[in-house]
Amino acid sequence: MAGHAAVERDVLVRYLDAWTAKALRSQRGGTYVECGGFAADALRVFGEFADRLDGHHLELVVVGSSAPAGAPEGLSVQVIPSLDELVSDGPVLTHLDGPEAWPQFASLARGKGHEVIVTAPAGDPRVSEGCAVELVAEDGEARLLLFATADVKHLATFKSELWAVDEFAGIRYHDPHDPERTLVDISLTPQLLPLRRALLAELGKRGRCSVAELQRFTLLATIYRPEDAIGAVGSAVAAGEVVREPEKGRLTPKVVVGLP
């Protein structure tokens, strides 16, 4: 579990950092709800913004356990016994941990400004509910990391942080929707073969479409970032698997592609 926990923590910290910066630029502020064991990590993130908290509504809600010490001045901290006690009318980012997370998942992910990160054992069929990636250790043990949001810009940010985490020995990513079950090393320049297969399958359904449409598909339906679609389509074109219009020039989102 050590490797899984390290990757989960790194992704959570990185995304919470980006989410907090956005919340502090908004008049609505934000509430972070911690239902696992990452409250101390959240406090360290908020501490990095200590000089900006005054005059903003930023709140940490800890569910089912005591709050760690060391909250920076200006951060509101609340402890509640269960998620049923949660009250918030602004943006909310919730971290749910373990199999018990699923009963609350749908309601917490619903609504404008509501986002949920789930860390749980792999194998749950609800991976279609959001952006899901499995963290697979060398011994085959897998954990699920799932992110749900209605904001595509936040989804793009999460994807960027997902691939920017430190490379931890023995942990690789797997897209639960990949029929080939390919394991991909964590890297800023990841292996794109699973994405290339997924885009070819999508082109088989669509016939022809713009690269921009494939980038949106990549964002919403795979573990990859929209910019990764450019590289995957480019390699498919070079291999003769995809034709493009215009035939020459830089591969841009406006280029139309299809199967030969």
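## Helix 1

K22 is partly exposed, with a relative accessible area of 40%. In this predicted model, K22 belongs to helix 1, which covers residues 2–24. Together with R25, R52 and K153, K22 forms a positive surface patch.

E8 is also found in helix 1. E8 has a relative accessible area of 3% and is therefore buried. Once neighbours within four places in sequence are set aside, the contacts of E8 are F38, T119, L135 and R143.

## Helix 3

W102 is part of helix 3, which spans residues 102–109. The relative accessibility of W102 is 6%, so W102 counts as buried. Between W102 and A120 there are 9.3 Å from C-alpha to C-alpha, at a separation of 18 residues in sequence.

Most residues other than glycine have a negative phi, and most peptide bonds are trans. Two places in the model are described here against that background.

R181 is not a glycine, yet its phi is positive, at about 55°. This residue, R181, sits in the loop that runs between strand 8 (172–174) and strand 9 (184–185). With a relative accessible area of 52%, R181 is exposed, because the cut-off for exposed is over 50%.

The peptide bond between E245 and P246 is cis, with omega at about 0°. P246 is located in the loop between strand 11 (243–245) and strand 12 (256–258).

Technical notes:
Residues numbered from 1 in each chain as written. Predicted model: local features only at pLDDT ≥ 70, side-chain atom pairs only at ≥ 80, totals over all residues. Heavy atoms only, no water. Patch = residues over 30% accessible without salt bridge, like charges linked within 9 Å, V, L, I, M, F, W, Y side chains within 5 Å. Areas by Shrake-Rupley, 256 points an atom, 1.4 Å probe, with all protein chains shown as cover. Salt bridge = Lys/Arg side-chain N within 4 Å of Asp/Glu carboxyl O. Lys, Arg positive; Asp, Glu negative; His and termini not counted. Charge placed at Lys NZ, Arg CZ, Asp CG, Glu CD. Helix = DSSP H or I, 4+ residues; strand = E, 2+ residues; numbered from the N terminus. Buried < 20%, exposed > 50% of the residue type's maximum accessible area, 1.4 Å probe, protein only. Contact = heavy atoms within 4.5 Å.
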